[in-house]
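Please walk through the model below, starting from a single position and ending with the overall fold.

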Amino acid sequence: MVRKPWVHKSRQFASDGRQKDDQMKNANDTSLAADTIFVNVKILQEKIKSYLAKRDRGELLVQKSQRMYASLLLPVVLDSTNEFLRYGENAQLVCPDIRFPGWCDGAGGVALSCSTSDYYSELDGLGPGCTMTASPLTESCVRNCFKICGLGSSCEKGEPLKFGDTFAISPCVSSKPLFVTAVMPRLYAERGVSGHPALKLVDAQDPYCRWTVAYWRKALREEAEGLPVPNGARVVLKHNATNLNAAVETDFRIATFFGDEYEVSAHSIEDSGGREKAQNIWEFVTSRKRPGSDDDGTNNNTIMNK
C-alpha cells in the first residue's frame, strides 16, 4: 500500500485560493477586454458619424481647400478699352522686369497676389491676415486682380486715377471689404521674412491702407503729377504712411498653397543715383493686350530708370 504524501491543510487551502484568484483574474481580464473593445467600437462609430455629418455639410478640410482653390483661381476677364486707369476698375499689379527662375508660362513678370495660409479662412479663401506675394502666375484670376478705391470726392468710381492721388487697394472679389496694408513694426507685430514691413489684407481701412502712384521715371515725376495714369504705364507704388515703395523681395520666398512665391514688402530699393530698381517698378494691367509706348518702359532704359 502506497501512502500519499502528507500535505498540511493550510498549504492545500492556500493553493486552492490561488487557483480561485487566478480564475477570477482571468474572468476580470476577459470582461475588461470586452468592455475596451465595446468602448473603442463606440468611439469609432462616433468618429464615422461625425465625419459623414461634416462631409454632408462640406466642412471637411479637403472640401474647404478645394473650394478655396476653385474660388481663388477663378478667371477674371480684363478687357478694358479705356486709355486711362479708372477707379473701381479691375486691374492687375504686375512687376514686369522680375522673372521667377524656371517659370516660362504667362506674359512674364510677377503679379501681386493674395496667398492665404489658413484653410479656416473665408469660403472664398480671403480674409484678414492674408499675405501678399509676387506670383509668377500672371493669368488674371481672383487672387491677383484688384480694384482701386478712391478716398476723396474727386475719386468716384469711373473717374481716372491721377498721379499723386491717394487711394486704397482692395481684392476684386471677397465676401467682405478687405484692403492691402503694410504691417508696420510695433510690439509683437509680424514682420516679413525679409525683415521689412509685410503687405497683408485687413478688414478695416486705416492710414496704413493708403497708397499713391508716382511716374517711374524720376526725372519726369514732377511733370506727371496730377495727370491721369495711362493703362499699362509703369509706376512706383508708394505707401503714404511711410513713403516706402511696394517691393518684390527677390531674395526671399514664401511657401504658399500655390508654390513658392516672392515676398512683397514696403521697401524702397534704389541704386546709387537714388533711382528705383526693377523690384519697385509696377504696371497696372487692365487688359490682356498690354499697350506699348515710349512711356511704358519698354525701351532700353527700363532698368536704369533714366
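Thr 133 is buried, at a relative accessible area of 0%. The model is a predicted one, and Thr 133 sits in strand 3, which covers residues 131-135. Its side chain forms a polar contact of 2.6 Å with the side chain of Ser 115. Beyond the neighbours within four places in sequence, Thr 133 touches Ala 111, Leu 112, Ser 113, Ser 115, Arg 143, Ile 254, Thr 256, Glu 261, Tyr 262 and Val 264.

For the protein, 72% of the contacts with a separation of 6 or more join residues 24 or more positions apart.

Asn 243 has a positive phi of about 60° without being a glycine. Most residues other than glycine have a negative phi.

Helix 2 spans residues 61-72, 12 residues in total, and runs 16 Å from first C-alpha to last, close to the 16 Å expected at 1.5 Å a residue. Its buried residues are Gln 63, Ser 65, Met 68 and Leu 72. In an α-helix there are 3.6 residues a turn, so residues three or four places apart point the same way.

Taken as a whole, the protein has 3 helices and 12 strands. Of its 306 residues, 41% are buried. The protein exposes about 17,300 Å², of which carbon and sulfur atoms supply 54%.

Technical notes
Residues are numbered from 1 along each chain as its sequence is written. This is a predicted model: local features need pLDDT of at least 70, side-chain atom pairs count only at pLDDT 80 or more; totals for chains, interfaces and linings use all residues. Side-chain values use heavy atoms; hydrogens and water are left out. Helices (H or I, at least four residues) and strands (E, at least two) are DSSP runs, numbered from the N terminus. Buried means under 20% relative accessible area, exposed over 50%, partly exposed in between (1.4 Å probe, protein chains only). Contact means heavy atoms within 4.5 Å. Accessible areas come from the Shrake-Rupley method with a 1.4 Å probe; for residues, only the protein chains shown count as cover. The expected span of a helix is 1.5 Å times one less than its number of residues. A polar contact is a pair of N or O atoms within 3.5 Å; within protein, one must be able to donate a hydrogen and the other to accept it, and residues adjacent in sequence count only if both atoms are side-chain atoms.
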